[in-house]
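Student: Could you walk me through how to read the contacts between chains in a model like this one?
Tutor: Gladly! Let's look at it together.

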Protein chains: 4
Amino acid sequence: MSSWGNGVKLSVFGESHGEGIGAVIDGLPPGEELDIDGILLQMGRRAPGRDKAATPRLEKDMPEILSGVLNNRTTGAPLCAVIRNNNTRSQDYGNIMSCPRPAHADYTGYLRYNGFNDIRGGGHFSGRLTAPIVFAGAVCRQILGRRGIRIAAHIASVGGIEDKRFCGTDISPELMERLSCSVFGLIDPNKEEPMRALIEECRMSCDSIGGTVECAITGMPAGAGSPMFYGIENVISSVVFGIPAVKGIEFGSGFEGSRLRGSENNDEFFYDGDTVRTRTNNHGGILGGISTGMPIIFRTAIKPTPSIAKKQNTVDITKGENTVLEINGRHDPCIVVRAVPVVEAAAALAVINILKEVNMLGA
Amino acid sequence: MSSWGNGVKLSVFGESHGEGIGAVIDGLPPGEELDIDGILLQMGRRAPGRDKAATPRLEKDMPEILSGVLNNRTTGAPLCAVIRNNNTRSQDYGNIMSCPRPAHADYTGYLRYNGFNDIRGGGHFSGRLTAPIVFAGAVCRQILGRRGIRIAAHIASVGGIEDKRFCGTDISPELMERLSCSVFGLIDPNKEEPMRALIEECRMSCDSIGGTVECAITGMPAGAGSPMFYGIENVISSVVFGIPAVKGIEFGSGFEGSRLRGSENNDEFFYDGDTVRTRTNNHGGILGGISTGMPIIFRTAIKPTPSIAKKQNTVDITKGENTVLEINGRHDPCIVVRAVPVVEAAAALAVINILKEVNMLGA
Amino acid sequence: MSSWGNGVKLSVFGESHGEGIGAVIDGLPPGEELDIDGILLQMGRRAPGRDKAATPRLEKDMPEILSGVLNNRTTGAPLCAVIRNNNTRSQDYGNIMSCPRPAHADYTGYLRYNGFNDIRGGGHFSGRLTAPIVFAGAVCRQILGRRGIRIAAHIASVGGIEDKRFCGTDISPELMERLSCSVFGLIDPNKEEPMRALIEECRMSCDSIGGTVECAITGMPAGAGSPMFYGIENVISSVVFGIPAVKGIEFGSGFEGSRLRGSENNDEFFYDGDTVRTRTNNHGGILGGISTGMPIIFRTAIKPTPSIAKKQNTVDITKGENTVLEINGRHDPCIVVRAVPVVEAAAALAVINILKEVNMLGA
Amino acid sequence: MSSWGNGVKLSVFGESHGEGIGAVIDGLPPGEELDIDGILLQMGRRAPGRDKAATPRLEKDMPEILSGVLNNRTTGAPLCAVIRNNNTRSQDYGNIMSCPRPAHADYTGYLRYNGFNDIRGGGHFSGRLTAPIVFAGAVCRQILGRRGIRIAAHIASVGGIEDKRFCGTDISPELMERLSCSVFGLIDPNKEEPMRALIEECRMSCDSIGGTVECAITGMPAGAGSPMFYGIENVISSVVFGIPAVKGIEFGSGFEGSRLRGSENNDEFFYDGDTVRTRTNNHGGILGGISTGMPIIFRTAIKPTPSIAKKQNTVDITKGENTVLEINGRHDPCIVVRAVPVVEAAAALAVINILKEVNMLGA
């Protein structure tokens with residue numbers, strides 16, 4: 001199902017080479033001003049062809065808002081935005097109809113939909129479907145921004161090259177602002193050159209490379225979220241795994257924390273003036289599924305782009321035999337770069353739902 | 001919200017020191033025989049006091065089935081099971097009423113429920129609430145077992161000590177069977193002694209230790225799951241993060257895979273007789289949110305038990321000042337051991353929902 | 001599915017002759033005081049054997065609250081209440097195992113659950129399952145009462161004998177109070193005698209009789225509810241049709257209004273001091289799915305009790321032939337009387353969900 | 001919320017005078033052929049200006065399918081269809097901005113959305129929003145038709161003039177076929193003239209008139225639906241009340257049945273060859289929320305069009321005083337005529353969800 005959310009529902013539609021893609025967002029608070037330039041900025045960060053590390057396929061990706069907005073403000077009714085598909089070269093994908101690409105959803109999509117799914121360009125499984133998610137996230141983050149909540153992510157690693165991590169207890173608004181506008185977002189700008197070199201090397205060797213994205217949410221009010229199955233970790237992960245290529249998520253100290261002792265991993269509470277804070281943030285701003293008021297921090301693992309120019313073994317399901325596949329399409333050697341704003345968008349969708357559930361979104 | 005699921009809904013209730021805890025499971029297929037001994041076996045694996053590495057608090061944990069079962073078979077109506085609370089020593093938890101334990105939900109629960117939550121023993125946030133989850137999972141795994149689906153997990157690591165990992169392409173039914181009955185489940189039994197030594201060392205030093213649990217699902221039919229927000233990763237993680245202390249999850253090669261190149265991480269398809277399989281299983285049995293028919297494999301990060309006997313700094317929210325906390329209750333130095341069957345139960349709940357969605361559960 | 005609701009979720013479980021029945025209510029606001037006597041009063045109104053017009057089967061129906069309440073206040077965690085089954089005489093229902101009772105769910109339940117459903121006493125389809133609904137509604141109405149919202153229903157008709165109707169624009173708190181405590185609730189007490197006579201006549205002739213229940217909700221704040229599929233009519237009817245024997249519902253002027261002209265049915269707005277009200281209330285307090293602040297009024301059609309002592313033709317599904325059925329159990333000749341508090345409870349559940357959705361429930 | 005459904009989800013968007021309206025349908029079975037002419041036929045039945053009894057406003061109402069369809073077959077991915085808005089005359093609605101029309105959602109929409117809703121033409125509350133519902137229903141009814149399920153409704157009454165009712169036990173495929181294509185659908189064609197005369201009289205007197213729509217579903221397999229809150233009555237009513245102006249619904253003998261005795265209302269079972277049927281159909285094809293295999297029959301009450309040319313009293317919420325309103329727009333004197341295909345569409349949406357829940361939709 002391509003629908004998600006309770007208080008604010010997102011319904012994503014479209015296929016890579018169909019007429020268009022888009023989203024319906026139902027349940028937005030009324031009267032919220034939309035900054036269209038801000039939305040286009042976010043969509044531009046995700047769009048291919050803006051950065052030399054990305055695929056040269058150009059998308060116009062101009063969303064047309066059909067409903068839910070009047071005089072630049074949300075009406076409270078469902079907001080539908082449509083992005084037309086252009087510049088598609090379906091012939092690039094000819095042989096995948098019978099020969100599923102390794103690590104892609106070609107084979108599983110074929111099974112799930114009895115062969116009726118639109119396989120061109122990955123169809124509904126295409127990374128292009130993250131454009132409506134970024135659109136929806138951009139709308140939500142503007143609404144959250146007015147409540148003092150900021151969301152920003154960065155390229156935490158490409159292959160073995162790591163950026164600095166967020167300092168869990170003290171993230172400056174300036175850093176959040178800078179990252180949330182970056183096309184190649186890094187805390188430590190010195191990592192850009194080696195990362196780009198590695199990506200270029202992968203491209204030249206007809207290969208691709210994975211990485212991780214780290215995301216921070218600051219200004220989150222304490223006491224939001226619910227126990228058990230509607231905790232903040234549950235909600236964020238339920239939407240983040242909707243991003244193609246995400247294969248892991250961890251909050252706070254995460255997998256590293258699993259190697260620690262309680263005395264090392266526990267975050268002590270203290271009074272900072274009238275506010276209860278923690279001295280460290282191994283809990284990633286979440287205890288028992290509920291926000292502590294400290295920054296929410298999570299990392300996601302992004303697998304290397306499945307589409308590589310190298311020859312690969314696969315099956316021919318029409319002939320029922322093994323075969324060799326050569327993919328000719330245009331593909332990012334590293335989708336981590338463009339995944340950054342998508343992860344932020346997923347976080348914004350999660351947060352707006354979490355706040356709405358506990359009446360913390362305001363009128 | 002302590003409710004979860006679409007086709008098969010789970011509603012968990014109870015507080016650690018209240019009258020009782022339990023679960024309602026709605027949507028089970030009718031006519032399924034229940035093996036009560038099998039259910040008690042699973043609950044015994046989770047129960048404290050069965051293993052010397054666990055807390056000495058004894059629970060009787062005998063579930064009483066109130067509805068949904070007749071002549072030992074499911075009727076199709078909601079199944080409710082209640083577990084009475086006994087042997088609670090509320091006085092152990094006296095000072096946490098005003099002094100939240102670091103890394104626990106005391107503080108966030110207080111905020112979320114305006115101080116009205118039952119804080120005794122952790123209340124609804126207690127690890128004890130995983131007993132109904134194990135019960136529900138035990139019911140589901142019996143139903144799945146009849147369809148050839150097996151679920152088993154093991155202690156993948158305690159602190160820095162690691163067990164072997166599942167071989168993603170070839171997991172024997174014998175291993176699955178052995179692990180799914182184990183109290184201290186390991187693929188490599190030689191790791192038991194060093195792990196126990198480390199846990200005992202932590203106990204003696206008034207500390208605790210974290211770890212990871214790896215879970216495998218074999219016999220999963222190919223083509224189950226849905227794209228985007230109802231993919232298998234989304235569904236599994238949305239229930240797994242309902243287990244207290246879980247702070248991360250990864251599928252297949254996960255975070256490690258994010259360091260690889262596409263040519264390394266892509267799993268090539270081939271015909272194994274008439275069946276399409278992959279030669280490696282970095283995808284963890286899931287592509288595009290949908291099962292490939294290969295084993296589904298995921299790992300979860302479990303933080304060290306927050307409750308440690310060492311003195312810790314915290315706040316006194318009644319007095320509004322910093323203070324020092326000493327916890328006297330009985331606590332596991334390593335909850336990873338008892339988390340193993342809970343992770344399996346969560347997986348069973350996820351899988352039964354995924355199969356029901358695509359009509360693969362059968363009559 | 002026996003689960004319902006979004007913000008406040010209800011999960012009902014149990015079978016008529018099983019171990020017990022009950023409900024889990026998840027999402028209640030914390031800190032709400034429970035008046036147990038008030039709850040028992042409501043349950044007593046529904047219980048059989050309290051009124052001579054009802055079945056002589058006696059239920060103790062004492063709910064045991066297992067969770068979600070501490071020191072008589074809601075904790076915010078799920079509230080589970082269990083009612084034990086006693087005084088069941090399963091032998092009364094022997095021949096219905098193969099011979100479905102006309103107008104009952106015996107036949108459809110058999111099909112739906114492949115014959116595995118617990119058919120004794122109607123199983124999960126039994127009217128006894130309305131006891132947990134009344135319990136849940138009693139909890140909700142106390143919470144709503146604190147916000148000035150009152151809910152009351154009356155026997156609008158038994159067969160052709162009609163009570164007066166609510167005056168849609170002016171319903172006194174005294175009437176609401178009186179009705180919400182009545183066992184045989186009528187606006188016009190003079191109708192009690194002829195109604196009772198008719199019911200007694202039906203009993204004596206081994207027959208039963210239907211009727212209607214009219215329900216009013218006063219003090220409803222204006223502006224609650226949502227357009228289209230989450231309007232107040234949708235929400236109320238989605239829960240009211242969960243009451244066995246309900247076959248129709250109408251709001252405001254309802255079916256009668258369908259015979260009117262716009263100039264007759266339209267309710268004119270006017271200022272009553274600072275408050276916008278309508279001079280008539282054909283809209284039943286709801287326009288576009290949203291409350292106007294006028295009383296919400298709806299009527300439900302209750303079919304005659306299907307279980308009658310008269311011989312009836314039916315089928316024997318074991319033998320595959322037509323047969324004649326004689327039912328010996330104890331049955332109400334008119335369930336309308338006991339349906340009154342159930343309809344109120346359903347309304348309370350609907351209203352608490354509607355208010356929670358729009359943040360009108362308060363802290 | 002303008003989203004509905006579990007297995008097949010519908011998300012409706014748009015405002016009467018915005019850029020466009022439409023729907024996203026998620027969860028359709030893949031490989032289903034779409035007969036576009038059949039869809040347009042259904043949309044034409046609802047469209048204004050096709051029948052002299054309807055408003056002269058002409059809509060082109062040509063849906064553009066953006067996704068979910070390839071080579072005229074469903075792909076299994078979400079199907080989005082957009083209908084552009086043209087021919088809108090916003091100036092007609094000028095004075096309703098401050099003066100809410102009686103019996104309309106102007107006032108409640110204003111409250112619900114803090115005045116930010118698009119009030120032009122009724123905005124999201126407009127009857128025009130039923131066009132996407134008819135579109136979605138037309139898609140679903142084609143899928144259901146392939147499984148032998150037919151859906152048809154007729155004008156059961158206009159004011160006091162009544163059509164014949166469906167014979168509950170025997171509805172011919174020819175009648176179903178004829179009605180499901182009719183613009184002024186009646187079982188008894190002799191009622192067309194008096195009904196049209198009454199409607200015309202209302203128009204001439206600047207007034208409007210209400211009525212009822214009766215809908216039948218034939219070929220419904222027995223054993224579909226679930227007890228309590230997901231019964232067929234609950235599901236149908238939860239979507240039918242999403243149609244503006246619907247104020248009541250009854251199944252089978254409904255309100256009339258509430259006046260009967262059990263011996264009159266109970267439908268006796270008998271074997272018709274190998275099939276279990278009932279001799280009468282007062283239960284409307286549903287017992288315990290589950291289908292018996294007999295035709296499902298329900299009636300809905302449609303209030304008279306609120307917009308009438310007659311002067312009406314209302315309030316001016318800007319000035320805070322009482323005032324008189326004169327509406328100049330183009331309005332149907334009787335929306336019952338155009339409501340017929342909308343009710344059918346709602347039924348189709350309900351049925352496809354009900355069948356999907358119990359795995360009866362097939363591959």
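Tutor: Let's begin at one spot: Ile249(C) stands opposite Ile249(D) in strand 11 of chain D. Keep in mind that this is a predicted model.

Student: In which sense do strand 11 of chain C and strand 11 of chain D pair, and over how many bridges?

Tutor: Those two strands pair in the antiparallel sense, over three bridges. Strand 11 of chain D covers residues 246-251.

Student: How do I put a size on such an interface?

Tutor: The usual way is to quote the accessible area that is lost when the parts come together. Here, chain C and chain D bury about 7700 Å² between them, with carbon and sulfur atoms giving 61% of that area. The contact takes 99 residues from chain C and 99 residues from chain D.

Student: What is the count of salt bridges between chain C and chain D?

Tutor: The count is six salt bridges. One of them joins Lys247(C) to Glu233(D), with the closest N and O atoms 2.9 Å apart. There are also 41 residue pairs in polar contact between chain C and chain D, counting pairs with both residues at pLDDT 80 or more.

Student: Which element of chain C gives the most to the side that touches chain D?

Tutor: That is strand 11 of chain C, with six residues. By class, the side of chain C that touches chain D has 44 nonpolar, 38 polar and 17 charged residues.

Student: Now for the other interface. What area is buried between chain A and chain B?

Tutor: About 7600 Å², of which carbon and sulfur atoms give 61%. In this interface, 99 residues of chain A are in contact with 99 residues of chain B. The salt bridges between chain A and chain B number six, and in one the side chains of Glu233(B) and Lys247(A) meet at 2.9 Å, N to O.

Student: Where does Gly248(A) stand?

Tutor: Gly248(A) is opposite Glu250(B), in strand 11 of chain B. Strand 11 of chain A pairs with strand 11 of chain B in the antiparallel sense, over three bridges.

Student: One last feature: how do I read a pair of aromatic rings?

Tutor: Look at the distance of the centres and the angle of the planes. A search of the whole structure finds 18 aromatic pairs over all chains. Among them, Phe251(C) and Phe298(C) form a tilted pair, 5.7 Å centre to centre with 40 degrees between the planes. This pair links distant parts of the chain, as Phe251(C) lies in strand 11 and Phe298(C) in strand 16 of chain C, 47 residues apart.

Terms used:
Residues numbered from 1 in each chain as written. Chains lettered and ligands numbered in written order. Predicted model: local features only at pLDDT ≥ 70, side-chain atom pairs only at ≥ 80, totals over all residues. Heavy atoms only, no water. Contact = heavy atoms within 4.5 Å. Buried area = accessible area lost by both parts, 1.4 Å probe. Salt bridge = Lys/Arg side-chain N within 4 Å of Asp/Glu carboxyl O. Pairing = 2+ DSSP bridges. Helix = DSSP H or I, 4+ residues; strand = E, 2+ residues; numbered from the N terminus. Phe/Tyr/Trp six-rings, centres within 6.5 Å; stacked < 30°, edge-to-face > 60°. Polar contact = N/O pair within 3.5 Å; in protein donor to acceptor, adjacent residues only side chain to side chain. Nonpolar A, V, L, I, M, F, W, Y, C, P; charged D, E, K, R; others polar.
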